Amino acid sequence: MSDATNMLVDGEWRTGVRRDTGDSGEFERTETSFRNWIDGSVPEPGAEPVDNPEFPAEQDRYHVYICRACPWAHRVAMTRALKGLDGISLSLTRPERYDEGWEFSDSEPDPLYGADYLREIYTKADDDYTGRVTVPVLWDEEAETIVNNESEEIMRMLDTAFEGNGVDLWPEGSRREVDDLIDDVYPRINNGVYRAGFASTQAAYDEAVDELFDALDEYDDLLADRRYLAGDRLTEADVAMFATLVRFDHVYHTHFRCNRRGIHEYDNLWAYTKDLYQTPGIADTVNVDHITRHYYKSHESLNPKRLVPTGPDIDFAEAHDRDERRAAPEQLAPDATAD
């Protein structure tokens, strides 16, 4: 991966057409393009449910395209699993992403249209589409279009528009706190690792790493006194945080040079990560092999030989004591299942 990226321009695939860093060398993430909401979704605290009959909340109408390696797509996979939304079908791209973009494989083909590349799904929705081709994608099988490709909004739609098994990851009374946590975790931690990894100047890298580890230290302290970020209940904020923490020691620590400490060296963050991993429905959404293959093979500018490390040797399934020291996540249904 160079400073340029690959994207669709007027429905045609182009390579090397756009930069992801600004003049100061800071990594800049481009906004997503499809931003519709499913009927009955509640986008933000205090908002009325969305009135959008064009996209009714019917599980078997929708399909989600993800990559197991992508942390943004992982948020959606976890929400789907925790909510028990098995009626919303799900399929995978290959973990590696090269010049042709996200690609389907013989072992994981596109189940809807037999597409070779995810970009074909984008041009089926809009044959003149200009923009990046990203995961996750929430697809309406009846209207044959993309509803949304912004992970945070898809996570909120799955949580609020569909009943599922009754799990509520955005509980009344805590919604503002949960959103404040998500808004804090995103720039400093979720995107902070990318700001460090793709910085093109020493100053930009130093600033990103300082902010990242300041945030990790703060949340390690916070988790000394509570089981989850917002207290005794698992919420969307934990889903968003976990997607970065579970990748940190295998990828971000070395590949993105975020190497002051590993998550397994934090008392509370490490126990918290294991606690979330062992929550029913989560472990089967984690694929460390896909995660490492994606980052180390796809980012040629960071890893020219595309060698994939074999470590570290850490175990997300080992014992932790957070369930003994903190209240159990009562809102989780015992039959919550993964993909």
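Reply: Let's begin with a definition: rings of Phe, Tyr and Trp count as a pair if their centres lie within 6.5 Å. Keep in mind that this is a predicted model.

Me: Thanks, that helps. How many aromatic pairs does the rule give here?

Reply: The count comes to 20 aromatic pairs. Some of them join up: ring pairs link Trp 72, Tyr 186, Tyr 194, Phe 198, Phe 213, Phe 248, Tyr 252, Phe 256 and Tyr 295 into a cluster.

Me: How do I read the geometry of one pair? What are Phe 34 and Tyr 122 doing, for instance?

Reply: Look at the angle between the ring planes; over 60 degrees counts as edge-to-face. The planes of Phe 34 and Tyr 122 stand at 70°, with the ring centres 5.9 Å apart, so this pair is edge-to-face. Phe 34 belongs to the loop between β2 (12-19) and β3 (62-66), while Tyr 122 is in helix α2, so the pair ties together parts 88 residues apart in sequence. Phe 34 and Tyr 122 are each buried.

Me: Let's move to strands. What should I expect of the side chains in one?

Reply: In a regular strand, side chains alternate between the two faces of the sheet. Now take β3, where 5 of its 5 residues are buried. Tyr 62, Val 64 and Ile 66 lie on one side, His 63 and Tyr 65 on the other, and both faces are covered.

Me: Which strands does β3 pair with, and in what sense?

Reply: It is joined to β5 by 4 bridges, and those two strands run antiparallel. There, His 63 stands opposite Trp 139. Another 4 bridges join β3 to strand β4 (residues 89-92), this time in parallel. Ile 66 has Leu 92 as its bridge partner in β4.

Me: What does β5 do with β6?

Reply: Strand β5 (residues 137-140) pairs with strand β6 (residues 145-148) in the antiparallel sense, over 3 bridges.

Me: How do I read a single residue? Is Ala 240 buried or exposed?

Reply: Start with the relative accessible area, where under 20% means buried. Ala 240 has 1%, so it is buried. This alanine is found in helix α7. Leaving aside residues up to four places away in sequence, Ala 240 touches Arg 75 and Asn 190. Its C-alpha atom is 6.9 Å from that of Ile 182, 58 residues apart along the chain.

Me: Where is Ala 283, for contrast?

Reply: Ala 283 is in the loop between α8 and α9. Its relative accessible area is 26%, and that makes it partly exposed. Ala 283 and Ala 317 are 34 residues apart in sequence, and their C-alpha atoms are 8.8 Å apart in space.

Me: Finally, how many helices and strands are in the whole chain?

Reply: The protein chain has 10 helices and 6 strands. Of its 339 residues, 56% are buried. Among contacts with a separation of 6 or more, 72% are between residues 24 or more positions apart. The chain exposes about 14200 Å², with carbon and sulfur atoms supplying 41% of that area.

Technical notes: Residues numbered from 1 in each chain as written. Predicted model: local features only at pLDDT ≥ 70, side-chain atom pairs only at ≥ 80, totals over all residues. Heavy atoms only, no water. Pairing = 2+ DSSP bridges. Phe/Tyr/Trp six-rings, centres within 6.5 Å; stacked < 30°, edge-to-face > 60°. Buried < 20%, exposed > 50% of the residue type's maximum accessible area, 1.4 Å probe, protein only. Contact = heavy atoms within 4.5 Å. Areas by Shrake-Rupley, 256 points an atom, 1.4 Å probe, with all protein chains shown as cover.
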